[in-house]
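Subject: Structure handover

Hi,

Here is the structure I promised to pass on to you.

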Amino acid sequence: MAAGPLSVSSNASTNNDGILIGDKVYSEVYLTIDNSLIPEERFSPTPSMLDGLDLNTETDLRILGCELIQSAGILLRMPQVAMATGQVLFHRFFYSKSFVKHSFEIVAMACINLASKIEEAPRRIRDVINVFHHLRQIRGKNDQLHLPKPG
């Protein structure tokens, strides 16, 4: 099977200014400090606050999520830069979505999986799931140890 030249579909054409897809022309990606930072108006109130979550609880959930990503990254033997990328993704996600509507554990798992791909330190999804399951079991055992004894 011989490979022919790459052809552009009928609804996408190229020109000197970029690529036309539908009615939009895509040519370059502009990444500046202005369009990579989250605007200040998104910091307060956050979507979680709008859903009734107080600031202290949201902060605790953010810290817990980042600690979970860090612990999972260590167990997966990921580079620190990949773990930090996962934590950034985690924070950015919850500046547009609510902790009330999305499980922070599932989001943390997705963030570490995506970060491993972004930072070119890929891990199998099965390994990520197994590590998060292990961490959940450990956390469950620690919670049981702190329960008061009936008496």
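Let me start with Arg-42, which lies in the loop between helix H1 (33-36) and H2; helices here are DSSP runs of H or I with at least four residues, strands are runs of E with at least two, and both are numbered from the N terminus. With a relative accessible area of 36%, Arg-42 is partly exposed. On that scale, buried means under 20% relative accessible area, exposed means over 50%, and partly exposed is in between, using a 1.4 Å probe and protein chains only. Arg-42 is in contact with Tyr-95 and Ser-96, leaving aside its neighbours within four places in sequence; contact means heavy atoms within 4.5 Å. Arg-42 and Tyr-95 are 53 residues apart along the chain, yet their C-alpha atoms are separated by 6.6 Å.

Before going further, a word on the ground rules. This is a predicted model, in which local features need pLDDT of at least 70 and side-chain atom pairs count only at pLDDT 80 or more, while totals for chains, interfaces and linings use all residues. Residues are numbered from 1 along each chain as its sequence is written, and side-chain values use heavy atoms, with hydrogens and water left out.

Now the overall layout. The chain has 6 helices and 3 strands, and along the sequence they follow the pattern β-β-β-α-α-α-α-α-α. Of the 151 residues in the chain, 29% are buried. If you take contacts between residues at least 6 apart in sequence, 61% of them join residues at least 24 apart.

Lys-97 and Pro-47 are 50 residues apart in sequence, with 5.7 Å from C-alpha to C-alpha. Lys-97 counts as partly exposed at 39% relative accessibility, and its contacts, leaving aside neighbours within four places in sequence, are Pro-47, Ser-48 and His-102. Ser-48 itself is found in helix H2 (residues 47-50) and is buried, at 0% relative accessibility. Not counting residues up to four places away in sequence, Ser-48 touches Leu-53, Glu-58, Lys-97, Ser-98, Phe-99 and Val-100.

Next, the helix packing. Two packed helices are described by the angle between their axes and the distance between the axes. The axes are lines fitted to C-alpha atoms, for helices over the stretch in contact, and the angles run from 0 to 180 degrees between N-to-C directions.

How do H3 and H4 lie relative to each other, parallel or antiparallel? Helix H3 (residues 55-75) packs against helix H4 (residues 80-94) at an angle of about 155°, with the axes 9 Å apart, so the two are roughly antiparallel. The classes are: under 35 degrees roughly parallel, over 145 roughly antiparallel, 65 to 115 roughly perpendicular, and the rest oblique. H3 passes H4 in a right-handed crossing; a crossing is right-handed if the near helix is turned clockwise from the far one by less than a right angle, and left-handed if anticlockwise. By class, this contact of H3 with H4 has 7 nonpolar, 7 polar and 2 charged residues. Here Ala, Val, Leu, Ile, Met, Phe, Trp, Tyr, Cys and Pro count as nonpolar, Asp, Glu, Lys and Arg as charged, and the others, Gly among them, as polar.

H3 also meets helix H5 (residues 104-118), where the axes come within 10 Å and cross at roughly 45°. H3 and H5 are therefore oblique to each other, and their crossing is right-handed. On the H3 side the residues include Leu-61, Leu-64 and Leu-68, and on the H5 side Phe-104, Ala-108 and Cys-111 are among them.

Finally, the cysteines. A disulfide is a covalent bond between the sulfur atoms of two cysteines. With the cut-off at a pair of cysteine sulfur atoms within 2.5 Å, the structure holds 0 disulfides. The closest cysteine sulfur to that of Cys-66 is in Cys-111, 9.0 Å away and too far for a bond. Cys-66 is buried at 14% relative accessibility, and Cys-111 is buried at 7%.

Best wishes
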